[in-house]
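Hi,

Here is the structure I promised to send over. Have a look at it first, and then read my notes below.

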Amino acid sequence: MSINIDELGPVDWIVVEFPETKLTGEIAPILKDLVDRELIRVLDLIFLTKDLDGGFEVLEVTDMEDSEIGELRAYETELAMLLSEQDVIDLVETIEPGSSAAVLVWENLWAAPFGSAVRRAGGQLAASGRIPIQAVIAAAEADAAEADEEGD
């Protein structure tokens, strides 16, 4: 996979934890749809399992069974392996013993034209962040409650 740095979109990463060590493949079709619609490009994808004693195993897509990962095996030729060994060790610390996690690094292709325009104009990213969905829901519920109180 070749990436043109001038056309690169923002890159994000997430760790999604599951309470058990069995992956069902249920998320794979949604991820595939995002890739097929060219909204994202998967740059790195690994799976972690952590036993109750804190020991862990790192699985790459090629190490997984089809029933566990669904259609994600198709991405194995696209992966860039951006995560270092130390990154993986640090990420293992974020998950609870007896659970599993998927670590996904992706490029936001939908935002690449905007990012390119900013760079061509001499701009650069000065700050970035993400608001957790729980905070958005809490704010919306607080606004609704306030509107209800004002309406009474």
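A quick word on naming before anything else: helices (H or I, at least four residues) and strands (E, at least two) are DSSP runs, numbered from the N terminus. This is a predicted model, so local features need pLDDT of at least 70 and side-chain atom pairs count only at pLDDT 80 or more, while totals for chains, interfaces and linings use all residues. Residues are numbered from 1 along each chain as its sequence is written, and side-chain values use heavy atoms, with hydrogens and water left out.

Let me start with Gly9, which sits in the segment before strand 1 (11-18). Gly9 has a relative accessibility of 6% and counts as buried (buried is under 20% relative accessible area, exposed over 50%, partly exposed in between, with a 1.4 Å probe and protein chains only). Leaving out residues up to four places away in sequence, Gly9 touches Glu107, Asn108 and Ala112, where contact means heavy atoms within 4.5 Å. Trp110 is 101 residues away from Gly9 in sequence, yet their C-alpha atoms are 7.4 Å apart.

Glu107 brings me to the salt bridges. Searching the whole structure turns up four of them, a salt bridge being a side-chain nitrogen of Lys or Arg within 4 Å of a carboxyl oxygen of Asp or Glu. Glu107 pairs with Arg41 at 2.7 Å, N to O. Since Glu107 is in strand 4 (residues 99-108) and Arg41 in strand 2 (residues 40-50), this pair ties together parts that are 66 residues apart in sequence. Glu107 is buried, at 0% relative accessible area.

Another salt bridge links Asp36 to Lys32, with 2.4 Å between the closest N and O atoms. Both residues belong to helix 1 (residues 28-36), where they are four residues apart, about one turn of the helix. Asp36 is partly exposed at 47% relative accessible area, and Lys32 is partly exposed at 27%. Asp33 bridges to Arg37, the closest N and O atoms being 3.0 Å apart, and Asp33 is partly exposed as well, at 34%.

What about the buried residues of helix 1? Ala28, Leu31 and Val35 are among those to look at, as each is buried. They cover an arc of only 65° around the axis, so they lie on the same side of helix 1 (the arc is that of the directions from the helix axis to the C-beta atoms). Just after helix 1, Glu38 has a positive phi of about 60°.

Next, strand 2. It is largely enclosed by the rest of the structure, because 10 of its 11 residues are buried. Lys50 stands opposite Ser99 of strand 4. Strand 2 also pairs with strand 3 (residues 56-60), in the antiparallel sense over five bridges, and Phe47 has Leu59 in strand 3 as its bridge partner. Strands 2 and 3 make a hairpin with five residues between them, and Gly54 in the turn has a positive phi of about 95°.

Finally, helix 5 (residues 133-151) contains Ile137, which is partly exposed at 42% relative accessible area.

Cheers

Conventions: Two strands pair if DSSP finds at least two bridges between them.
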